[in-house]
Amino acid sequence: MIFQLVGALAFLLYGMKMMSDGIQKSAGQSLHYILGKMTSNRVVAMLTGMFITMIIQSSGATTVMVVSFVNAGLLTLTQSVGIIFGANIGTTITAWIVAFFGFNFKISAVAIPVFGIGYLMTSIKRIHKQNFGEALMGFGLLFLGLDLLSKTIPTMDANSMGFLTNWTGQGAISIILGIIAGMAITVLLHSSSASTAIILTMSHNGLLPWEFAAAMVLGSNIGSTIDAVLAAIGTKVNARRAALIHVMFNVTGTVLAAIFLQPLLKLVDFLIPGPVESNITFHIAMLHTVFNVLNTIIFLPFAKQIAALAELIIKPKKNETPDIYRLEFAETGTKENAAAYVIRAEKEIADMTDVVTRMFDRIKFGFENRNQDFINIQMEPLAKDEDYADQMQEQLSKFLVHCSQLPVSQKLRNNVSIMLRIVDDLESMTDDCYSVALLLKRSIEKNMTFAEEDMDRLHPYIDLAHRFLAFIRENINKHLTEEQLIIAQDLENQIDMFRKNLKKVARKRLENGADVKSELLYIDLVRNIEKIGDRAFSISEALAQCQ
């Protein structure tokens, strides 16, 4: 009986994971658009969290994604409050699916054909529906597991389930024990949806009375915070605060619901008329929804105050923003969200582009102020930025390799490969910037002189490279259209033309007896700036290939 129960749970959990993975592969790209539309409006944030959770069928995956995005600076702490609230509402859809389809007809009669159809869709490459087929296979496995669970639980006699009956009918103690039991099951399974499905099945088979089942559902909401807590370990201060908000929201809401449990049950009985015993599954699904909706209505107006409270409780550690770059790939078991990891990598690539832009601005200062001030003010920050970019390249490359090994669509896998190329080009640009800085430093230390008109010729050349960098920064992580690629090609051609003209002028000066060391250094400066233009065009070509 125990092995039958474990096997049924395995089907249920694996089916849920498979369905979630398939949906994420299909809809993962949409997360870019959804997050792009994110505003500080708490209602929009709440609806976003609810929508994403309903799509990927996992509040745990959504909250892990939120913690990751807050850690990367993609979301503010206040925005994360609304998304977390919405995720709790979105996760209730699983209970409704199970209540509607799980017990009203013979599940296996539908589950097995659905699995078969899904398998055919994954096998026939020509139709390009592999991701949807995987989701269907997961759906079939989920309901097959539910069917096995429904058949196993009734075989448990009163003796084997006696510990449950001993807990019921004892007033407040039963409610507390029910909450603890629901929390423990959810922590063990890492899925509030799975634990709710188990509670629904046990209640449907008469093993759990209404009040005790309700308490277990409340407890599962506390247990669901385990994924956010695990994801926050080792992250920045705001990510830890986002995880704390999730815990505070679910714990406080559960405590309030436990105190007012009887009025809450009466409200559910009013919304779902008829005897509880005959349709207890719908009562439980409604309780789950009402609990999370009421919680959100109560706490959403205080999103800013809740964020402020989290900031008060969790203080930044010393050296919270160290010079050493770290990008950890935090695996959280069944809650992997491939699209979330890719979006996180895109944010880091945008930050790396900022490092390149900052370094170029520093060397631009050097051309305008070719004196000891450049060495005193700019050389040390340039060296630090170049070293930081090296660390970013190493860790971002490892992170992206991990991303490519997750269950992602072929389109997303191709984009990850392109992102690796962009990271390499960005790191090479920082090397080029630092090489220019060293050449400028040498010219200052050696007291090399250049004719004023020669330096004047360099300024439009440098401005052109600066424009190209600004173009890359504006369009990083976006698909370049043909028209935009033509703009990039035009910038590259102009830089090449400038380089040829400048080198030609420098060679003529050499032929006329100019200082050899100065002219060779001048040519090196021109060549290294041209390299930056080459890298920028390489990135433009890569962005044009992104989908």
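The legends below describe close-up views of a predicted model.

Residues are numbered from 1 along each chain as its sequence is written. In this predicted model, local features need pLDDT of at least 70, side-chain atom pairs count only at pLDDT 80 or more, totals for chains, interfaces and linings use all residues, and side-chain values use heavy atoms, with hydrogens and water left out.

**Figure 1. The whole chain and its confidence.**
The secondary structure of the chain comes to 23 helices and 0 strands; helices (H or I, at least four residues) and strands (E, at least two) are DSSP runs, numbered from the N terminus. Of the 547 residues in the chain, 54% are buried. Buried means under 20% relative accessible area, exposed means over 50%, and partly exposed lies in between (1.4 Å probe, protein chains only). Among contacts (heavy atoms within 4.5 Å) with a separation of 6 or more, 82% are between residues 24 or more positions apart. The average pLDDT, the predictor's confidence in each residue from 0 to 100, is 81 for the chain, and 86% of the residues score at least 70. Over residues 157–162, pLDDT stays under 50, and the model has 4 contacts for this stretch beyond four places in sequence.

Helix 16 covers residues 280–299, and the C-alpha atoms at its ends are 28 Å apart. This agrees with the 28 Å that its 20 residues should span at 1.5 Å a residue, where the expected span is 1.5 Å times one less than the number of residues. Helix 16 is largely enclosed by the rest of the structure, because 16 of its 20 residues are buried. Asn279 is in the loop between helix 15 (261–271) and helix 16. Asn279 has a relative accessible area of 17% and is therefore buried. Leaving aside neighbours within four places in sequence, Asn279 is in contact with Ile272 and Pro273.

**Figure 2. Packing of helix 22 against helix 23.**
Two packed helices are described by the angle between their axes and the distance between the axes. Helix 22 (482–511) and helix 23 (residues 516–545) pack at an angle of about 170°, with their axes 10 Å apart. The two helices are therefore roughly antiparallel. Contributors to the contact from helix 22 include Leu485, Ala488, Glu492, Ile495, Arg499 and Leu502. From helix 23 they include Val516, Tyr522, Ile523, Val526, Gly533 and Phe537. Axes are lines fitted to C-alpha atoms, for helices over the stretch in contact, and angles run from 0 to 180 degrees between N-to-C directions. Angles under 35 degrees count as roughly parallel, over 145 as roughly antiparallel, 65 to 115 as roughly perpendicular and the rest as oblique.

**Figure 3. Two asparagines with positive phi.**
Asn447 is not a glycine, yet its phi is positive, at about 55°. Asn447 is found in the loop between helix 20 (410–445) and helix 21 (452–475). With a relative accessible area of 64%, Asn447 is exposed. Asn477, also not a glycine, has a positive phi of about 70°. The loop between helix 21 and helix 22 holds Asn477. At 27% relative accessibility, Asn477 is partly exposed.

**Figure 4. Gly118 in helix 7.**
Gly118 lies in helix 7 (residues 107–123) and is buried, with a relative accessible area of 0%. Not counting residues up to four places away in sequence, Gly118 touches Gly133, Leu136 and Met137. Gly118 and Ala135 are 17 residues apart in sequence, and their C-alpha atoms are 7.3 Å apart in space.

**Figure 5. Thr48 in helix 3.**
Thr48 is found in helix 3 (residues 42–56). At a relative accessible area of 10%, Thr48 is buried. Thr48 and Ala87 are 39 residues apart along the chain, with 8.3 Å between their C-alpha atoms.

Asp361 lies in helix 18 (residues 338–368) and is partly exposed, with a relative accessible area of 37%. The C-alpha atoms of Asp361 and Cys433 are separated by 9.6 Å, and the two residues are 72 residues apart along the chain. Cys433 is buried, at 0% relative accessibility. Cys546 is buried too, with a relative accessible area of 10%. A search of the whole structure finds 0 disulfides, a disulfide being a pair of cysteine sulfur atoms within 2.5 Å.
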